[in-house]
Amino acid sequence: MDFSSPQVSDVPVYKQSEEEEKEIKEEKLMNWFRVLAKEMHWSFVFGVVSVNGISQGMGGAVYKVATDYYWKDVQRVQPSAAQIYQGITSLPWIVKPLWGLMTDVLPLGGYRRRPYFMLAGLLGVVSMLMLSLHRDLGVVLALLALTTGSTGVAMADVTIDACVAQNSINHPSLAADMQSLCGFSSSLGGLLGFSFSGLLLHTFGSQGVLGLLSLPSALVFSVGIVLKELRRPNFVYKQVYGKLQQANQTMWTTMKCPNVWRPCVYMYISLALNLSIHQGMFYWYTDPNSGPSFSQETVGFIFSVGAVGSLIGVLIYQNILKDYPFRTLLLWSQLLSSFSGMLDLILVSRLNLRLGIPDYFFIVIDESISQMISRIKWMPILVLSSKLCPSGIEGTFFALLMSIDHIGMLTGSWGGGLLLHSLKVTRTQFTNLWAAILIRSLIRVVPLAFIYLVPKADHQSRILPVDLLMENGILRTLEAEVDDAERMPLVYKT
């Protein structure tokens, strides 16, 4: 080919794409929310805000405080048992690949995503109303209702993650920005939810608040109504089995890739060794004898400050850290996570009082720092996971990666419950709580021995082999140009 004589039509196209790319980068720095709404369609942004921000963020924050008090005051269980029960209610998150497979290979009414948003919202509404209206639910039925509600949230999460993963392939330069939108929405929603959770609990009680959580589920239902999605009519359902086989084969091929299984192993180890002793700390917070005896409003405010820390973590990642390699970010965030855990030791040992620092002030600082570090640690995991998804089964594979993470979280939750039980931390006995905190914080250092499993790539790198990003012989990033072409008449009309 003669490069000295390029075609005239090629020159302006090349220059125009460079100018557009520069413009997109400048817009991203000023307002990534507006850029995503322009590039992905407003219904996608609405879906992210509704699912991540309102359902998981705000609703999840209220749910966290309400269920803490529900297990403590209504069911009256021990902190170690509550820790185990909360692990059980998270089981639907472990089978996320099942929901992902359904959204990828089993369209309903010609749509791959919309019906599953509607089903998820319906499950949430029914389960939350059941918990609210039934006054004498036993532990088993309460677990069933909470697990059903968790199923609805998990299904909605998988579906919106599928949309994010697909758009991350179509628009690779915006992958980190989409995850930042998810994290920002979740953190801001958590801030709002925690801010008025105490007031809601004081006014309606834990069961009444659980009933109010049917409203975010109803909003998720509405996402299924308005989401922009290409309808595929005349789907041959006999092809489902073949598509399942093909999806399983693609997942297996992808998982055998060293750039995929190695970071998966690290992510599991990192989360599994992050032992959760939240219930022990919560019971201590609210204990009138051994602890500071915080009220419902105070607990909600403390968690809301933690949400502020989480929000700051998202902004720090978006504006400062997102261009750093994944390995560097995960190494330092893991190390800082271990150090931040020691702040609880200062609080429980009452050293803060000897230093003249009130419990309320110290725990606010503790919670905000811990949540900020946790969010900074979580963001690169999400971005890395979105870049490990092969074309055609984005929802399924992202769900598989997230299920691995949730298995790690479940391991950490149950491990923390067993730790509390072995140290005899109960509803009223907190003598050995300091030992649980020390053990938890020291164990957090262990994953650093496996940090070499994480690739040195950054968010702009393409980690998967090109053949795994191909669908029907076409690189999926080219679909973004089709989407732009479809939006072009709308732009000209305005």
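**Reading a predicted model**

Reply: Leaving aside neighbours within four places in sequence, Ser43 is in contact with Val226, Leu227 and Lys228. Please keep in mind that this is a predicted model. Ser43 is found in helix H2.

Me: Is Ser43 buried or exposed?

Reply: A residue counts as buried when its relative accessible area is under 20%. Ser43 has a relative accessible area of 1%, and it is therefore buried.

Me: What share of the residues in the protein is buried?

Reply: The protein has 494 residues, and buried residues make up 53% of them. Its secondary structure consists of 19 helices and 2 strands. Among contacts between residues at least 6 apart in sequence, 85% join residues at least 24 apart.

Me: How does one describe two packed helices?

Reply: Two packed helices are described by the angle between their axes and the distance between the axes. Let us take a case from this structure. Helix H3 (residues 79–89) packs with helix H12 (residues 278–285) at an angle of about 135 degrees, and their axes are 8 Å apart. H3 is therefore oblique to H12. The crossing of H3 with H12 is right-handed.

Me: Which residues make the contact of H3 with H12?

Reply: On the side of H3 they are Pro79, Ala82, Gln83 and Gln86, and on the side of H12 they are His278, Gln279, Gly280 and Tyr283. By class, this contact has 3 nonpolar and 5 polar residues, with no charged ones.

Me: At what angle do the axes of H2 and H12 cross?

Reply: These axes cross at roughly 75 degrees and come within 11 Å. An angle of 65 to 115 degrees counts as roughly perpendicular, so H2 is roughly perpendicular to H12. H2 contributes Lys64, Asp68, Tyr69, Trp71 and Lys72 to the contact, while H12 contributes His278, Gln279, Phe282 and Tyr283. The contact of H2 with H12 divides into 4 nonpolar, 2 polar and 3 charged residues.

Me: How many residues of H12 are buried?

Reply: H12 is mostly covered, with 8 of its 8 residues buried. Among them are Met281, Trp284 and Tyr285.

Me: Where do nonpolar side chains tend to be in soluble globular proteins?

Reply: In such proteins, nonpolar side chains tend to be buried together. In this model, the largest nonpolar core has 48 residues, of which Trp71, Leu131 and Leu433 touch the most other members. Helix H2 (residues 42–74) supplies the largest share of this core, 7 residues. Apart from neighbours within four places in sequence, Leu131 is in contact with Tyr70, Leu137, Ala142, Ala145, Leu146, Gln207 and Leu210. A second, separate core has 40 residues, including Val314, Leu329, Trp378 and Leu384.

Me: Where does Lys424 lie, and is Lys424 buried or exposed?

Reply: Lys424 lies in the loop between helix H17 (394–422) and helix H18 (433–443). A relative accessible area over 50% counts as exposed. Lys424 is exposed, because its relative accessible area is 62%.

Technical notes: Residues numbered from 1 in each chain as written. Predicted model: local features only at pLDDT ≥ 70, side-chain atom pairs only at ≥ 80, totals over all residues. Heavy atoms only, no water. Axes fitted to C-alpha atoms, helices over the stretch in contact; angles between N-to-C directions. Helix = DSSP H or I, 4+ residues; strand = E, 2+ residues; numbered from the N terminus. Parallel < 35°, antiparallel > 145°, perpendicular 65-115°, else oblique. Left-handed = near helix turned anticlockwise from the far one by under 90°. Contact = heavy atoms within 4.5 Å. Nonpolar A, V, L, I, M, F, W, Y, C, P; charged D, E, K, R; others polar. Core = buried A, V, L, I, M, F, W, Y, C linked by side-chain atoms within 4.5 Å. Buried < 20%, exposed > 50% of the residue type's maximum accessible area, 1.4 Å probe, protein only.
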